[in-house]
Structure formats: C-alpha cells, structure tokens
Amino acid sequence: YYDMRERHGDDTPTEDPSLIEGYKEVVSYLQAAQKSADANLYPEAIIDCQRLTAWAEYFQGHWAAAAALFESVADQQRPPASADAHWMTIVCLDLLQGDTSDEAGAEHLEKVVRSFLYLYPMDDRSGQLVLHQALNETNVSIESVQRLLNIPYDSEIYEQAQRRAAQMLYQLFRESSPPEQIEFATEYLAIAVPMITQNAQDVDGMSKVDLDRLIARCRRVLDVALTEGVRRLTAARQALGILDIESIAQQIELSDVADELNYLRLKERLLSDDFDMAGDLAQRLYEADPKGLWSRQSARLIFREAVNRLRDASDKRAADNIVMIYGVRILDEYGNDPEAIQKPSVRQYTIDVARSALRIWERSQDPAAGQLAQQLFAKLLKAYPKERSFLRATAVLEQSQGNSSNALAAWRRLLNGLPMDSEGWYEAKYQQIKILAEDDPEAAKEVMQQFKVLHPNMGPEPWSQLMKELDADLNVIPVPQAGGV
C-alpha cells in the first residue's frame with residue numbers, strides 16, 4: 001500500500017490504468033491478510049487493514065465500496081480516533097451522490113453528517129460541513145444560521161461562513177412576518193454592517209465583480225435597516241456613506257440603481273424627521289420619471305407619513321398640503337377607471353386627499369382645493385351613497401358653490417339617516433331651512449314651523465341661537481299657546 005502511495009504521489013483519485021491496477025493488487029493483499037487463520041488475534045491490525053483497503057478503493061474512484069469500508073472503520077473506533085474515517089465516509093458518500101443522486105443515498109449522507117457534527121463539534125472539518133450544508137440548503141432555518149455563527153474566528157472558512165449566514169438571515173427576514181422581522185434584522189445587521197465596513201476599506205483595489213457585491217450588500221442593509229419597525233438609522237447611514245464614496249462612483253456605473261438609492265435616502269431622511277429633504281428627494285424622483293417605480297413608491301411614502309402626522313399635529317396645514325399634492329399624484333395612476341374606487345387602498349387614498357382638500361378650502365377658500373374636494377367626494381358618494389361623512393362634505397361644498405339643489409338633496413338625505421336630536425341632525429336641519437330661505441321662503445317657513453312645534457327650545461347650542469336668528473329673518477308667526485285667543 002505505501003509503495004503504491006509513493007508511486008501515485010497525489011492525494012486525489014487516479015485515472016491512470018497502471019495505478020488503478022496497483023491499487024487493485026493492494027486490495028487483494030489486504031483482504032487476504034484479513035482472512036488469514038490467526039487474523040482474529042490482531043483486531044487492531046484488522047481495522048488498519050480495512051482502513052487501508054478503504055483508501056485503496058477511494059484512489060480507484062470506487063466511492064460506494066470506500067464509503068462502506070470507512071464507515072465500518074469509524075464504527076469500530078472511538079472518537080476522536082474515528083474522526084478521519086468518519087470524514088472520509090462523508091467525502092465518498094458525497095461523491096457518490098454526485099454520480100447517482102438517489103434519495104436513499106442523500107438521506108444516508110445527511111445522517112452521517114449529523115453524526116459527525118455531534119461526535120466532533122470541535123473538529124475543524126465540522127465547520128466545513130456546516131458551511132457545505134448551508135450553501136446547499138434551500139429551506140433556510142435559524143438553526144443553520146446559528147451553526148454557521150458558531151464557526152470560530154480563526155477558522156479559514158470564517159468569512160465565507162459569515163457571508164452565508166448573512167445571506168440566510170436576509171432571506172429569513174424577507175420571508176418572515178413583522179414581529180419576527182425585528183429579531184432577524186438585528187442579527188443580520190450585526191453581521192452585515194461590519195462586513196460592508198471592512199469591504200469599503202479596500203474599494204480602490206476591488207474588481208468590478210467585488211464592487212457589485214459590495215453595492216448589493218449595501219442595498220440589502222438599507223432594505224433591512226429602513227424597514228418599518230426596525231429603524232436602524234446608524235446602519236443605514238453607514239451603507240449610504242459607503243455608496244457615496246467617490247472612488248466607487250469612478251469605478252462602477254450606479255445610474256441603474258440611482259433612483260432606488262434616492263428612494264432609500266428619502267426613507268432615511270423621513271425616519272430622521274428631515275421632512276424637507278425627503279420632499280426634495282421625492283420631487284427629484286418625480287421630475288426624473290413621474291410614472292417610474294421609485295417615484296410612485298416615494299409618493300406613497302411621503303403621503304403615508306403626512307397622513308400619520310395629521311393624527312398628531314395640532315396645526316394640520318403643512319401636512320394637509322402634502323397629502324393633497326402627493327395624493328393627487330397617486331390617484332392619477334388610476335386615471336379615470338371607475339372601478340378603482342372599489343379597491344380599499346384607492347378608497348382610502350381618495351378619502352384622505354378629499355378631507356385634506358376640504359380642510360384647506362375651509363381655511364383659505366382656495367378654489368382649486370375646493371374643486372378637488374368636491375370632485376373626490378362626489379366620486380366617493382357615488383360609490384358609497386350612505387356614508388354620512390361623504391354626504392355632509394358634499395352638502396357643504398355644493399352649498400358653497402351655489403348649487404343649492406344638490407346641497408339641499410344631500411342635507412335631506414343626512415336628515416333621513418341621522419338620529420333626531422343628534423349634533424349632525426341639527427346642523428342638517430339648520431342648513432336645510434337656510435337654503436330654503438333663499439330659494440323658497442314659504443317652504444322655509446313651513447319647515448321652521450314644524451321644527452318649532454317639535455323643538456320649542458330650538459335645540460342645543462350653537463344651533464338654538466342660529467335657529468332663532470334664522471327664525472327672526474323668516475318672520476315666522478309664533479306657535480299659538482294653549483288657551484290663547
């Protein structure tokens with residue numbers, strides 16, 4: 001056997017016919033030795049013969065025979081002495097899988113790998129197995145990630161294991177629901193940020209392929225760090241800072257991802273409460289390509305932030321203006337599609353824009369805002385005719401434009417749908433009589449008379465005072481008291 005190894009002079013299997021014949025002869029000698037009459041007196045020598053036979057089969061490319069022999073040797077030895085035979089069993093089974101790819105063989109290989117990792121956790125080759133498994137794993141798991149992260153810093157495969165762990169964590173992050181995302185995000189950024197920071201120190205000597213990889217990693221860091229609920233602004237700024245390095249711009253064309261990067265900068269500025277800069281970036285994207293993906297995404301992002309601010313802000317003027325501007329851009333995407341309003345997202349966009357436009361008109365009497373609000377509420381009312389808030393807004397806007405018949409119809413519909421004596425009912429009744437007073441005074445007097453019969457105190461304030469003033473203007477005859485002449 002050792003003579004053959006010297007002749008071979010290589011640690012890989014051979015295809016040389018003369019060497020193969022020599023190894024066959026070695027196998028014959030070793031098998032004969034194990035069958036000798038006194039072989040059972042030398043159990044350690046028998047195991048050694050089996051070990052050398054396994055190697056001789058391996059060098060001939062006989063993976064199945066070699067795997068079976070190595071496995072037998074490993075079973076007869078104790079750890080850590082059995083580690084080499086156990087490892088070679090894996091090597092041979094893996095080579096055999098490459099040739100045959102049968103399911104039973106794959107399961108056997110997986111079983112032997114798990115056994116190796118359990119028996120020899122500190123063996124350097126365990127790290128290689130973990131990495132090999134992770135590189136070929138399609139259904140990633142946090143357990144696989146943890147095994148990769150357990151590979152020691154001084155291992156020659158440490159950096160490769162870290163890269164694969166980062167890839168797997170990013171995949172887990174993208175596939176998980178929001179509550180789980182935060183944990184995966186934290187672990188991912190703990191690996192990925194130091195990785196891109198280290199890589200950025202060597203950009204001047206990088207190949208184009210390595211620069212592309214660095215940019216891809218920075219984009220993934222930004223994707224994770226700027227996700228709602230994660231908010232890791234320091235990590236995001238580090239990634240953006242790397243992408244702004246001048247030498248990268250000189251070596252690689254970033255125009256293909258320029259809009260995406262501006263969108264990510266916009267997200268970072270919003271999370272940093274720099275609304276002005278975020279607006280500038282959104283405008284830049286819109287001017288570059290109004291219908292582009294990142295322009296549309298940025299409009300939604302700015303719009304959503306403005307809507308959120310409306311909930312908390314005491315002064316809603318600035319947020320209302322932003323909602324109206326960016327909301328119109330979003331709604332323009334749907335054109336004149338009459339069915340679009342049935343989509344929940346489009347319905348909500350329309351409601352938010354209409355309400356902001358209405359508030360702007362109420363504050364400033366801006367005709368453009370009033371016209372927009374009127375158009376949008378009309379569209380909403382057509383799709384949802386029983387919605388009271390849409391009816392009221394339509395009534396107010398139609399009345400302001402002098403469309404008394406439309407306004408009156410809307411106030412009457414509100415009266416029919418609201419509980420009597422509610423705040424909204426009194427408003428609708430007052431506005432009904434007020435419109436009639438201008439268009440049909442006799443009808444207004446009749447409605448006022450009926451109102452006074454049912455509500456002799458003229459209702460709660462402020463409607464009581466308003467009704468009394470309107471009553472005086474109408475010069476309505478007082479209701480006769482009981483016992484009067």
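A: Happy to! Let's start with M458, which has a relative accessibility of 5% and counts as buried because that value is under the 20% cut-off. Please keep in mind that the model is predicted. M458 sits in the loop between helix 23 and helix 24, and its phi is positive, at about 70°, although M458 is not a glycine. Most residues other than glycine have a negative phi, and most peptide bonds are trans.

The loop that holds M458 lies between helix 23 and helix 24, and P462 is placed there too, with helix 23 spanning 441-454 and helix 24 spanning 463-474. The peptide bond that joins E461 and P462 is cis, and its omega is about 5°.

For another positive phi, go to R231, a residue other than glycine whose phi is near 50°. R231 belongs to the loop between helix 11 (208-225) and helix 12 (233-243).

Another cis peptide bond runs from P79 to P80, with omega near 0°. Here P80 lies in the loop between helix 4, residues 63-76, and helix 5, residues 83-100.

To bring it back to the part we began with, the loop between helix 23 and helix 24 contains both M458 and P462, the former with a positive phi and the latter joined to E461 by a cis bond.

Note on methods: Residues numbered from 1 in each chain as written. Predicted model: local features only at pLDDT ≥ 70, side-chain atom pairs only at ≥ 80, totals over all residues. Heavy atoms only, no water. Helix = DSSP H or I, 4+ residues; strand = E, 2+ residues; numbered from the N terminus. Buried < 20%, exposed > 50% of the residue type's maximum accessible area, 1.4 Å probe, protein only.
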